[in-house]
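Me: I would like to learn how to read helix packing and ring contacts in a model. Please walk me through a case.

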Amino acid sequence: MASSFLQGVEISASQFLDIFHHYDHDGNGFIEGKELQSFIKELQRVRKQAGLELTDQMTTFVEECEKNRDGKIGIVELAQILPTEENFLLFFRQQLKSCTEFMQAWRRYDADHSGYIEADELKDFLKDLMLKAERTYDDSKLDEYTANTLKLFDSDGDGKLCLAEMARLLPDEQNFLLRFQGLKMPRREFNQVFELYDRDESGYMDEAELDALLKHLCEKNIKVLDVAQVQLYKSSIMALSDGGKLYKTELALVLCADD
C-alpha cells in the first residue's frame, strides 16, 4: 500500500509516484482538502508506528497546513517533504528558476512545433539539463527520468506533455499558466481576439500588441489576473516568440482551449 512507503528512510521514484497518485484522489494534480488531511494523518501515524520522527521539512509542512486549512501541494512540493532518492523533480526546478526560462526551454525542445513535448523531445530536454548542471548520468537513468516525468505530468495519458502539464514543474508563484487555464477560449473566439489585437494585420503580435491584450484580460478577469504582473506575463509569453514575433500558434498554447 502506498501509505506504507511513508515510513521509508529513502523513497524510490516509483514509490513516490504511488504515494502521489494514492492521495490525489481526483487526479487534478494536487493533494488538497480532505486528501491533504488524510495524507498528514497517515504520514504522522506511519512514521510513529515505524519509530521515526518527522523530519524538519515534514514538521514545518504539517505546522503550515494546520495554520492554513485551504492549503494544497503539488508534485514538486511533495518531493520537498518526502526523502526521495535521486530527487530529479527538485533538480529540474533548480535548473528552471523562472517562467521565462521555462518558456524558452519549451520553444527550444518542442522541435516540431506540435504544441507538445513528446518522449524523445523530453529525453533531449532532460539530457541537456544534466549537461548544464555537470551532473553524471547513464542512458538507463535518463530513460527512467523520462518515463517518471511522463507518469507524473501526463495527466491525460497520451504519452506526451502539453505546455500546461509541463509547467507543473514550476513553483506555483511562478506558474502564471495556472491562472490562464480558466481563461482559455474556444478556437473561433481565440482567432477573433488575435485578429483584433494584431492591429497592423502582420499575422503576428509584437510586444505592444500583446501588452494591450494582456491588460484587457486583466481588466476583464480582475479576480484571476493581476495587472501588476502584466510585465511577467508578457515576458514569459514573448519567450515563445520568433525574434519578437508572436504568431497565433504560439499564443494559442496559452490562450486557446483544445479543440
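The dialogue below takes helix packing and then ring contacts.

Me: What should I know before starting?

Reply: This is a predicted model: local features need pLDDT of at least 70, side-chain atom pairs count only at pLDDT 80 or more, and totals for chains, interfaces and linings use all residues. Residues are numbered from 1 along each chain as its sequence is written, and side-chain values use heavy atoms, without hydrogens or water.

Me: At what angle do the axes of α2 and α3 cross?

Reply: Helices are DSSP runs (H or I, at least four residues), numbered from the N terminus. Axes are lines fitted to C-alpha atoms over the stretch in contact, with angles from 0 to 180 degrees between N-to-C directions. Here α2 (residues 34-49) and α3 (residues 56-67) cross at roughly 140°, and their axes come within 11 Å. Contact means heavy atoms within 4.5 Å. Among the α2 residues making it are L36, F39 and R47; M58 and F61 are among those of α3.

Me: How many aromatic pairs are there?

Reply: Rings of Phe, Tyr and Trp (its six-membered ring) pair if their centres lie within 6.5 Å; planes under 30 degrees apart are stacked, over 60 edge-to-face, the rest tilted. The count is six. Y109 and F125 have ring centres 5.3 Å apart and planes at 70°, so the pair is edge-to-face. Y109 lies in α6 and F125 in α7, so the pair ties together parts 16 residues apart in sequence.

Me: Is Y109 buried or exposed?

Reply: Buried means under 20% relative accessible area, exposed over 50%, partly exposed in between (1.4 Å probe, protein chains only). Y109 is buried at 11%. F125 is buried at 3%.

Definitions and conventions
Helix = DSSP H or I, 4+ residues; strand = E, 2+ residues; numbered from the N terminus.
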